[in-house]
Amino acid sequence: VTRIIRDKIRVLHVVGRPSWDQRFLRDVLKRNPNIDLVSFYILRTTLDAPGVGESGLSLIPFPVHRLFGQELDTFDLVLFQNFDHGPYNVGLYTPQIAAYVRGGGAFCMVGGDLSFGAGGYGFTPLADILPVQLQAGDDLRVEEFRAVPHPEQVNHPVLDVGDPGVWEKLPLLGSYNRVLQARPGATVLLVHPFE
């Protein structure tokens, strides 16, 4: 059997800081031969290293204009994982990212203290393309919990993991970003057990 890959899915993965979940997601994406992965990680910020200029914080400068001003439409998916757009002038390109999504591109935001409302995204055009309505300000809740399937989606193909009892066996999550509500037409798959 010969497997022919005619076209790869091109993914831009931008990460606000190294973490185990970031490493896991990057490894999953990198292992898939159908994905052409472009990754950028913020390893240190000026808060981590006071007195060090931006040029001393990275091996190469973050190519914001090239990625979001020139090459945005070459990606099939833009993935922000706990990424603070402010210090890197990505906020200047949020109108282009929103237009890219309205034109058929895909955007995914993974939560954390630098994402959603906590990351100031509620005041950008990205707030309008997300499937949830964001709270203003810090929406991060630090508490351990186990996500559960939404009662109306227990049979959704994404949640079909073979063993319905697996959800009770998963490790606890340590935090979540609380949103106001899902937008009309959005499908909620997992929820906080008490929300």
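A pocket is an open set of grid points with protein on both sides within 12 Å along at least five of seven lines, and its lining residues have an atom within 4 Å of a point. This structure is a predicted model.

**The largest pocket**

In this model, 44 residues line the largest pocket. Nearest its centre lie G111, F116, Y176, N177 and L190. The space inside comes to about 2000 Å³. Two or more lining residues come from each of α1 (20-31), β3 (77-81), β4 (106-110), β8 (173-177), β9 (181-182) and β10 (190-191). Strand β8 gives the largest share, 5 residues. By type, the lining divides into 31 nonpolar, 9 polar and 4 charged residues.

**Nonpolar cores**

The largest nonpolar core holds 30 residues. F62, F68 and F80 have the most contacts inside it. Elements giving this core two or more residues are β1 (9-15), β2 (35-41), α2 (64-70), β3, α3 (94-102) and β4. Another core, of 5 residues, lies apart from it; V11, L29, I35 and L37 are among them.

What does F62 touch, leaving aside neighbours within four places in sequence? Its contacts are V14, F40, L67, F68, F83, Y88 and V90.

Two loop residues other than glycine have a positive phi.

| Residue | Phi | Loop | Relative accessible area |
|---|---|---|---|
| F116 | about 50° | between β4 and β5 (132-133) | 13% |

Buried means under 20% relative accessible area, so F116, at 13%, is buried.

Note on methods. Residues numbered from 1 in each chain as written. Predicted model: local features only at pLDDT ≥ 70, side-chain atom pairs only at ≥ 80, totals over all residues. Heavy atoms only, no water. 1 Å grid on protein atoms, 1.4 Å probe; cavity = no way out; pocket = protein on both sides within 12 Å on 5 of 7 lines; lining within 4 Å. Points joined across faces, edges and corners; volume = space filled by probe spheres on them. Helix = DSSP H or I, 4+ residues; strand = E, 2+ residues; numbered from the N terminus. Nonpolar A, V, L, I, M, F, W, Y, C, P; charged D, E, K, R; others polar. Core = buried A, V, L, I, M, F, W, Y, C linked by side-chain atoms within 4.5 Å. Buried < 20%, exposed > 50% of the residue type's maximum accessible area, 1.4 Å probe, protein only. Contact = heavy atoms within 4.5 Å.
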